[in-house]
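I opened the model and went through it one item at a time. These are my notes, in the order in which I looked things up.

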Amino acid sequence: FLVLAYLALSGLGIIMVYTASAPGLEAQGIDPAFQMRRHAIFVIIGVVLFMAISLIEGRTLRALSPIVYLGALAGLVIGRHADNLRRLRAGTEHRSP
């Protein structure tokens with residue numbers, strides 16, 4: 001039952017992304033369905049990961065949770081650092097007082 005609710009909400013999200021982004025993309029001369037396809041790909045990846053992780057036993061997930069947590073923190077730090085470097089190279093770094 002929970003999977004059906006997830007799929008329904010994901011489908012609604014895909015439709016909402018299309019309706020919100022299509023006019024702006026079309027005005028820029030870009031395919032209006034570009035963002036919708038991109039969002040649909042992420043939904044499919046999410047469904048596959050959801051199904052794969054649901055097959056792993058709870059004890060194993062609990063044992064791996066500290067490693068996953070530290071990996072997520074490292075990803076956030078690295079991503080933030082890379083974003084700051086990109087902004088510095090583009091000359092758009094703004095610092096608040």
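Predicted model: local features only at pLDDT ≥ 70, side-chain atom pairs only at ≥ 80, totals over all residues.

**Entry 1, surface patch.** I started with the surface and found a nonpolar patch made of Ile41, Phe42, Ile45, Leu49, Ile53, Ile56 and Leu61, with about 620 Å² of accessible area together. I build patches from residues with over 30% relative accessible area and no salt bridge, joining nonpolar side chains (Val, Leu, Ile, Met, Phe, Trp, Tyr) within 5 Å and like charges within 9 Å. The areas come from the Shrake-Rupley method with a 1.4 Å probe, and for residues only the protein chains shown count as cover. Helix α2 gives the most to the patch, with five residues. Leucine 61 I located in helix α3, residues 58-90. I noted leucine 61 as partly exposed, at a relative accessible area of 33%; in my notes buried is under 20%, exposed over 50% and partly exposed in between, with a 1.4 Å probe and protein chains only.

Residues are numbered from 1 along each chain as its sequence is written, and side-chain values use heavy atoms, with hydrogens and water left out.

**Entry 3, whole chain.** I recorded three helices and zero strands, in the order α-α-α from the N terminus on. Helices (H or I, at least four residues) and strands (E, at least two) are DSSP runs, numbered from the N terminus. Of the 97 residues in the chain, 8% are buried. The accessible surface of the chain comes to about 8100 Å², and carbon and sulfur atoms hold 71% of that. Among contacts (heavy atoms within 4.5 Å) with a separation of 6 or more, residues 24 or more positions apart account for 37%.

How far apart are the end C-alpha atoms of α1? They are 38 Å apart, which agrees with the 38 Å that the 26 residues (2-27) should span at 1.5 Å a residue; the expected span is 1.5 Å times one less than the number of residues. I found a kink of about 40° at serine 21, shortly before proline 23. The bend is the angle between axes fitted to the seven residues ending at a residue and the seven starting there. Serine 21 is buried, at 16% relative accessible area. Leaving aside neighbours within four places in sequence, serine 21 is in contact with Pro32 and Gln35. The buried residues of α1 are Ser10, Gly13, Ile14, Ser21, Ala22 and Leu25, and what covers them includes α2 (34-54). After α1 comes glycine 29, with a positive phi near 85°.

Not counting residues up to four places away, tyrosine 18 touches Pro32, Ala33 and Met36. I also logged histidine 39, which is 21 residues from tyrosine 18 in sequence and 9.1 Å away, C-alpha to C-alpha.

How many salt bridges does a search of the whole structure find? The search finds one, taking a side-chain nitrogen of Lys or Arg within 4 Å of a carboxyl oxygen of Asp or Glu. Arginine 37 pairs with aspartate 31, the closest N and O atoms being 2.7 Å apart. Arginine 37 is partly exposed at 46%, and aspartate 31 is partly exposed at 37%.
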